[in-house]
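Subject: Structure handover

Dear colleague,

Here is the structure I promised to pass on. My notes on it follow below.

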Amino acid sequence: MLSKLIFFILLGLLLFVLWQKKRVARIRREEPVKKVPEAKKMVQCPICGVHFAEVDGVWYNGKMYCSGQCADKAKARS
Ligand SMILES: [Zn+2]
């Protein structure tokens, strides 16, 4: 009776450990995939010449600027 109980506890533990390993392996596999969209394309600001990541840029009149301040300068110039 007791040995059966111990057997089932051990079986449960084994399944739990295997499930954890699978989960960790899956998370590790997903990591490089997540990094791909984060790969930042660098763009040069036409106002101050600073290089910045495209995702951080501010669009104004079809051009991308490093910040709202540079976009404002472009607005003032035009
Ligand atoms: Zn700028």
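L2 is part of helix α1, which covers residues 2-38. The model is a predicted one, and that applies to everything below. L2 has a relative accessible area of 59% and is therefore exposed, the cut-off being over 50%. Together with L5, I6, I9, L10 and L13, L2 makes a nonpolar surface patch of about 600 Å².

As for the overall layout, there are two helices and four strands in the protein. Their order along the sequence is α-β-β-β-β-α. The protein has 78 residues, and 15% of them count as buried.

Zinc site

Which atoms coordinate the zinc ion? The ligands are the SG atoms of C45, C48, C66 and C70, at 2.2 to 2.3 Å. The angles among the four donor atoms run from 104 to 114 degrees, and the site is tetrahedral. All angles have to lie between 85 and 135 degrees for four donors to be given that label, so the range found here qualifies. Along the chain the donors of the zinc ion are spaced as C-x2-C-x17-C-x3-C.

C45 is buried, at a relative accessible area of 3%. C48, at 41%, counts as partly exposed.

The structure contains zero disulfides. For a disulfide to be counted, two cysteine sulfur atoms would have to lie within 2.5 Å of each other.

Salt bridges

How many salt bridges does a search of the whole structure find? The search returns two.

One of them joins the side chains of K41 and E54, with an N to O distance of 4.0 Å. K41 sits in the loop between α1 and β1 (42-44), while E54 belongs to the loop between β2 (51-53) and β3, so this pair ties together parts that are 13 residues apart in sequence. K41 is exposed, with a relative accessible area of 54%. E54 is partly exposed, its relative accessible area being 30%.

Another salt bridge is formed by D72 and K75, whose closest N and O atoms are 3.5 Å apart. Both residues lie in helix α2 (residues 68-77); because they are three residues apart there, about one helical turn separates D72 from K75. D72 counts as partly exposed at 43% relative accessibility. K75 is also partly exposed, at 41%.

Backbone

N61 has a phi near 55 degrees, which is a positive value in a residue other than glycine. N61 is found in the loop that connects β3 (58-60) and β4 (63-65). Is N61 buried or exposed? At 65% relative accessibility, N61 counts as exposed.

Regards

Conventions
Residues are numbered from 1 along each chain as its sequence is written. This is a predicted model: local features need pLDDT of at least 70, side-chain atom pairs count only at pLDDT 80 or more; totals for chains, interfaces and linings use all residues. Side-chain values use heavy atoms; hydrogens and water are left out. Patches are made of residues with over 30% relative accessible area and no salt bridge: like charges are joined within 9 Å, nonpolar side chains (Val, Leu, Ile, Met, Phe, Trp, Tyr) within 5 Å. Accessible areas come from the Shrake-Rupley method with a 1.4 Å probe; for residues, only the protein chains shown count as cover. Buried means under 20% relative accessible area, exposed over 50%, partly exposed in between (1.4 Å probe, protein chains only). Donors are N, O and S atoms within 2.8 Å of the metal (3.2 Å for Na, K and Ca); water is not among the atoms, so sites may look incomplete. Four donors count as tetrahedral if all angles lie between 85 and 135 degrees; four count as square planar and six as octahedral if opposite donors are over 155 degrees apart and all others between 65 and 115; anything else is irregular.
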